[in-house]
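This briefing covers a sheet, a helix pair and a loop residue. Please view the structure before reading on.

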Amino acid sequence: MLSLLLLWRQVRFQRSGPRLAAGASPAWVGLWRGRLWLPRDFRRRFTPQERLLIRAHERAHAQRGDNLWTLLATGLWLLHWFNPLAWWALRRLRADQELAADAQVLRQHPQALAGYLRTLAKAEAGAPPALAVSPFAPHPLIERIRWMK
């Protein structure tokens, strides 16, 4: 049942693109022939430098094959949906993918740390908050900023 819900959400998401709603975060979508999906307000909301950093971040996801790894991990999670460790592991995998993409961007643009942090905050500002496993869990953006500092 959970797999059908995820499949329905994915199909609905795929039909909405490739332009995302204004205020959404950019996303790399697809496995083999992936594409960068951008929010409708991308050019207006982000400066040229911020757009460059966002594209570098999403390109890092593509180069690392993060969508394929997420798909495989989601399949395992669906098999073990009853196990709290599976929920935690999927959440950690996705957080680690973001941190690895951030690290790659900062290796390519070491002078852009302050601008990159502002760009992340702008990109996340319109996104709905992620469901926390615990009410004491920090927002994923806070974890990323702590790591980069």
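Which residue in β3 does A27 stand opposite? A27 stands opposite W37. This is a predicted model, in which local features need pLDDT of at least 70 and side-chain atom pairs count only at pLDDT 80 or more, while totals for chains, interfaces and linings use all residues. Residues are numbered from 1 along each chain as its sequence is written, and side-chain values use heavy atoms, with hydrogens and water left out.

**Sheet**
- The order β1-β3-β2 describes an open sheet of 3 strands with mixed pairing (strands are DSSP runs of E, at least two residues, and helices are runs of H or I, at least four, numbered from the N terminus; two strands pair if DSSP finds at least two bridges between them).
- β1 (19-20) and β2 (27-29) are at the edges with a single partner strand each, so one side of each has no neighbour in the sheet.
- β2 and β3 (residues 35-39) run antiparallel and are joined by 3 bridges.

**Helix α1**
- α1 (residues 2-16) lies across β1, β2 and β3, at about 75° to β3 (axes are lines fitted to C-alpha atoms, for helices over the stretch in contact, and angles run from 0 to 180 degrees between N-to-C directions).
- The axes of α1 and α4 (residues 66-79) come within 10 Å and cross at roughly 150°.
- α1 is therefore roughly antiparallel to α4 (angles over 145 degrees).
- L2, S3 and L6 in α1 meet T74, W77 and L78 in α4 (contact means heavy atoms within 4.5 Å).

**Loop residue H109**
- H109 lies in the loop between α5 (84-108) and α6 (113-125).
- H109 counts as buried because its relative accessibility is 17% (buried means under 20% relative accessible area, with a 1.4 Å probe and protein chains only).
- Not counting residues up to four places away in sequence, H109 touches L52, L53 and A56.

Terms used:
Angles under 35 degrees count as roughly parallel, over 145 as roughly antiparallel, 65 to 115 as roughly perpendicular and the rest as oblique. Buried means under 20% relative accessible area, exposed over 50%, partly exposed in between (1.4 Å probe, protein chains only).
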